[in-house]
Amino acid sequence: MHAFDVLGDPVRRRILELLADGEKTSGAVCAVIQEEFGISQPAVSQHLRVLRDGGFATVRPEGTRRLYAVNSAPLREVDEWLGRFRRYWTPHLDALATELARGRRERRQPKEKEQ
């Protein structure tokens, strides 16, 4: 399965967001996803399987629990692919940063009283 097929699903993207904060049990992931998306535990398990099979998540057993974590390698590949498109938004973000800095600088300078 292609990376964008995996990432194209909002449930899988949300699972990756949860895992980005650190390793989580399948039960913890399932609880959040069921609450937010209203899907069954088997459906959440299927999404976790797609993430594992696509290489985006790793799983390790710890007793009876399964702990999931992000595997960053496929995300680096996506980042590299996006690299050729950064030129479209980077100058705009740089300009925004300049304007924000200008606004902070103007707020720090005491305003002269108008006469």
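A salt bridge here is a side-chain nitrogen of Lys or Arg within 4 Å of a carboxyl oxygen of Asp or Glu. The model is predicted, so local features need pLDDT of at least 70 and side-chain atom pairs count only at pLDDT 80 or more, while totals for chains, interfaces and linings use all residues. Residues are numbered from 1 along each chain as its sequence is written, and side-chain values use heavy atoms, with hydrogens and water left out.

**Exercise 1.** Describe the salt bridge of Arg 49 and the exposure of its two residues.

Solution. 
- Step 1: Arg 49 pairs with Asp 53, and the closest N and O atoms are 3.5 Å apart.
- Step 2: Both residues lie in helix H4, four residues apart, which means about one helical turn separates them. Helices (H or I, at least four residues) and strands (E, at least two) are DSSP runs, numbered from the N terminus.
- Step 3: Arg 49 has a relative accessible area of 41% and is partly exposed, whereas Asp 53, at 56%, counts as exposed. The classes are buried under 20% relative accessible area, exposed over 50% and partly exposed in between (1.4 Å probe, protein chains only).

**Exercise 2.** Determine which helices the salt bridge between Glu 36 and Arg 14 links.

Solution. 
- Step 1: The closest N and O atoms of Glu 36 and Arg 14 are 2.7 Å apart.
- Step 2: Glu 36 belongs to helix H3 and Arg 14 to helix H2; the two are 22 residues apart, and the pair links distant parts of the chain.
- Step 3: Glu 36 is partly exposed at 43% relative accessibility, and Arg 14 is partly exposed at 22%.

**Exercise 3.** Find the salt-bridge network to which Glu 62 and Arg 60 belong.

Solution. 
- Step 1: The side chains of Glu 62 and Arg 60 meet in a salt bridge at 3.6 Å, N to O.
- Step 2: Through shared partners, salt bridges join Glu 23, Arg 60, Glu 62 and Arg 65 into one network.
- Step 3: The structure holds seven salt bridges.
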